[in-house]
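This briefing is meant to be read beside the sequence and the 3D view. Please keep both open while working through the points below.

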Amino acid sequence: MNEPRVAGLRVAERQLAGPRAGVVLQGVDTPGVFGGMVEEIESLGFDHLWLTDSSLHARNCYAYLTLAAARSSRLLIGTAVTNPATRHPAITAAAAATVDEISGGRMILGIGAGDRPLLALGLRPSRLATVETAIAGIRALWRGETVDLNAENLSAEHLSTGDLGRGEFSLSGAHLRFPARADLPVFISASGPKTLDLAGRVADGVILLVGLFPEALDWAISRVARAADAAGRPRPHIAVFAYGAVAEDEAAALEEARSIAAWFPQTAPYICALAGLPSELVDAVRAGYAGGEFQEAAAAARGLPDDFVRKVALAGNQARTAAQIRAALDAGADSVHVFPLGRDRMATVRAFARAWSAAAGRAIPDPATGNSAVQNHGPQEAGDRDTTYRTADH
């Protein structure tokens, strides 16, 4: 076993303690620019870096995760998120294990059912049963087992028609022929009740896409906790994803964050109900936004109230952002991750780091000097941070 592998196993043995912050990016920047972003994100004291698996909309996430592993030393890196429709679970198992080895045990596999961009590929989001089976197969491969997932794991409907358009798959005598970390963490992306239940039952972590207002956070986190309790296991790590823009010009931040708000009527209508969005507005957005990358939703989002945008996204100054971070942590989140929108995404990342300093009470290093810029606030000093994640006991 090579040295990075041993280091990775030692890393996996330490507990991830205290609230953590992260950044979510799409692979829309050139490799050189992206590498510089990774280095700055780590220097700002962030603990996580996630890459979207956006099929045709961005560069390959595993290639960019490899770049991130090479340009960082402490960041936990992961997919946000892949799915069983565009990637066979065995291919995902091998890809994640490879990046985990390259990074010295810093990989997290984020997975979900997929979203409406799949339509451009002639695919549809996977059934939750398919996601659950995919996770079981991936974990078995990581454990070094020989895996058979045959017709009994597929729905009769799709077997009879031969339609594999919902990410159905099979494995026959499949075996991963290189060593992998058996406890590589699996996070499930969730916004609806059934997916939250699945995450509570089987995941090491859950990526919450439910907005940032207390009613949605309380509902989602309590649902995950109940499902975990019913399954007799610890509650998974709760990672809240916060899309949007942070700027002292709050009107500008609101406009740059607005597009993500249209995603909720199309994909998470239950969150709209919790936010008090009138049903006629939900219907209007759904009619104007068939579903794709959220950047394509700007026109449909124009009709959404400012208050709703602020509930589901970062859309204000550092003080407002700090309050949203604090609300997420108070609701039970273990980590909060900024997905920056707008023309200057790194400006939002920097502003989020300063807001985190005010909200989370840990020291953030000044990237220019290496000294703490704020005492007792923000991400910890690089040498003192334990940025590892231990999987929950099953």
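Glutamine 324 is buried, at a relative accessible area of 10%, where buried means under 20% relative accessible area, exposed means over 50%, and partly exposed lies in between (1.4 Å probe, protein chains only). The model is a predicted one, in which local features need pLDDT of at least 70 and side-chain atom pairs count only at pLDDT 80 or more, while totals for chains, interfaces and linings use all residues. Residues are numbered from 1 along each chain as its sequence is written, and side-chain values use heavy atoms, with hydrogens and water left out.

**The chain as a whole**

- The protein chain holds 16 helices and 13 strands, which are DSSP runs numbered from the N terminus (helices H or I, at least four residues; strands E, at least two).
- Of its 394 residues, 56% count as buried.
- The accessible surface of the protein chain comes to about 15,200 Å², and 52% of that surface belongs to carbon and sulfur atoms; these areas come from the Shrake-Rupley method with a 1.4 Å probe, and for residues only the protein chains shown count as cover.

- Glutamine 324 lies in helix H15, and, leaving aside residues up to four places away in sequence, glutamine 324 touches Leu212, Arg310, Ala313, Leu314 and Ala315.
- Helix H15 (residues 318–331) packs against helix H16 (residues 345–360) at an angle of about 55°, with their axes 8 Å apart; axes are lines fitted to C-alpha atoms, for helices over the stretch in contact, and angles run from 0 to 180 degrees between N-to-C directions.
- H15 and H16 are therefore oblique to each other, given that angles under 35 degrees count as roughly parallel, over 145 as roughly antiparallel, 65 to 115 as roughly perpendicular, and the rest as oblique.
- H15 passes H16 in a right-handed crossing, a term used if the near helix is turned clockwise from the far one by less than a right angle, whereas anticlockwise is left-handed.
- On the H15 side the contact is made by Gln318, Thr321, Ala322, Ile325, Arg326 and Leu329, and on the H16 side by Ala351, Phe352, Arg354, Ala355, Trp356, Ala358, Ala359 and Ala360.
- By class, the residues of the contact of H15 with H16 divide into ten nonpolar, two polar and two charged, where Ala, Val, Leu, Ile, Met, Phe, Trp, Tyr, Cys and Pro count as nonpolar, Asp, Glu, Lys and Arg as charged, and the others, Gly among them, as polar.

- The crossing of H4 and H5 is right-handed, and in it Pro89, Ala90, Thr92, Ala93, Ala96 and Ala97 of H4 meet Ala134, Ile138, Leu141 and Trp142 of H5.
- The contact of H4 with H5 has nine nonpolar residues, one polar residue and no charged residues.
- H3 and H4 pack at an angle of about 10°, with their axes 9 Å apart, which makes H3 roughly parallel to H4.
- The crossing of H3 and H4 is right-handed, with Tyr62, Leu65, Thr66 and Ala69 of H3 meeting Thr92, Ala95, Ala96, Val99 and Ile102 of H4.
- The contact of H3 with H4 has seven nonpolar, two polar and no charged residues.

**Loop positions**

- Leucine 56, in the loop between strand E2 (48–51) and helix H3 (61–70), is exposed, with a relative accessible area of 68%.
- The C-alpha atoms of leucine 56 and leucine 121 are separated by 8.8 Å, although the two residues are 65 apart along the chain.
- Most peptide bonds are trans, but a cis peptide bond, with omega about -10°, joins alanine 80 and valine 81.
- Valine 81 has its place in the loop between strand E3 (76–79) and H4.

**Alanine 239 in strand E9**

- Alanine 239 is placed in strand E9 (residues 237–246) and, at 0% relative accessibility, counts as buried.
- Not counting residues up to four places away in sequence, alanine 239 touches Phe187, Val206, Ile207, Leu208, Ser335 and His337.

Note on methods:
Contact = heavy atoms within 4.5 Å.
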